[in-house]
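This report looks at charged side chains that pair with each other. Look at the structure first, then read on.

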Amino acid sequence: MSRRSFILLVVSAVVLAVGVVTTKIVLNLRQMTASGSGSIPGQIRVSPDTPIGGPFALTDQNGRRVTDVDFRGRFMLVYFGYTFCPDVCPTELNTMALALKELGADAVRVVPVFITVDPARDTPDTLKAYLASFGPEFIGLTGSDEEIAAAAKAYRVYYKKAEGTDPANYSMDHTSLLYLMGSDGKIAALFRTEITADDLAAGIRAAVTMSRTAG
Ligand code: NI
């Protein structure tokens, strides 16, 4: 091999290696953007095919029957909890309300949905009075024990009456996560409850923007 062709070979190898590395970086970046979870603290990575969420048939705070299909075309920001919850649930609903305010014009695309895990106490009227302090856009959902169990199962939510608490003032143990369901009914993003309103707004905006560019 002549000196010239050896140099040519080395140069070609370097060019090829740089090309491969660059392509890899670009693909990784694209993947990160595709999963909608750049580096927002409190956001849990999920693929849209993760089987979280699904059909439900419940009653809203105005006594109307609603199903998941009624929300198609809009995003649902879903939280499971109960109105007697002393701290976590109200804090979470407040974070949701603040994040929606921060979203500005994009907020019309997102419906905040509170599903009770305590249908025995959370009647439509109770939900209505409770949600009034968080905003008129909030939808509160309750139902029979079976209907709530089915909704919780679809979202993989665990809930149970806490042992040893006063029967009249019992508390509920429950999974505490925020689910952003896409306009197609599939999971679009998942957030931990410790998330700040700023980060939640950023996570929702990223998902909404991505769905808009996807058509
Ligand atoms: Ni709670």
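Does aspartate 49 count as buried or exposed? In this predicted model, aspartate 49 counts as exposed, because its relative accessibility is 60% and the cut-off for exposed is over 50%. Its salt-bridge partner is lysine 186, with 3.7 Å between the closest N and O atoms. This pair links distant parts of the chain, 137 residues apart. Aspartate 49 lies in the loop between strand S1 (43-44) and strand S2 (57-60), and lysine 186 in the loop between strand S9 (177-181) and strand S10 (187-192). Lysine 186 has a relative accessible area of 40%, so this residue is partly exposed.

Glutamate 147 and arginine 65 also meet in a salt bridge, at 2.9 Å from N to O. Here helix H4 (residues 145-154) holds glutamate 147 and strand S3 (residues 65-67) holds arginine 65; the two residues are 82 residues apart. Glutamate 147 is partly exposed at 24% relative accessibility, and arginine 65 is partly exposed at 49%.

Aspartate 118 and arginine 121 form a salt bridge as well, with their closest N and O atoms 2.7 Å apart. Both of these residues, aspartate 118 and arginine 121, are buried.

The table lists these pairs.

| Aspartate 49 | Lysine 186 | 3.7 Å |

Definitions and conventions:
Residues numbered from 1 in each chain as written. Predicted model: local features only at pLDDT ≥ 70, side-chain atom pairs only at ≥ 80, totals over all residues. Heavy atoms only, no water. Salt bridge = Lys/Arg side-chain N within 4 Å of Asp/Glu carboxyl O. Helix = DSSP H or I, 4+ residues; strand = E, 2+ residues; numbered from the N terminus. Buried < 20%, exposed > 50% of the residue type's maximum accessible area, 1.4 Å probe, protein only.
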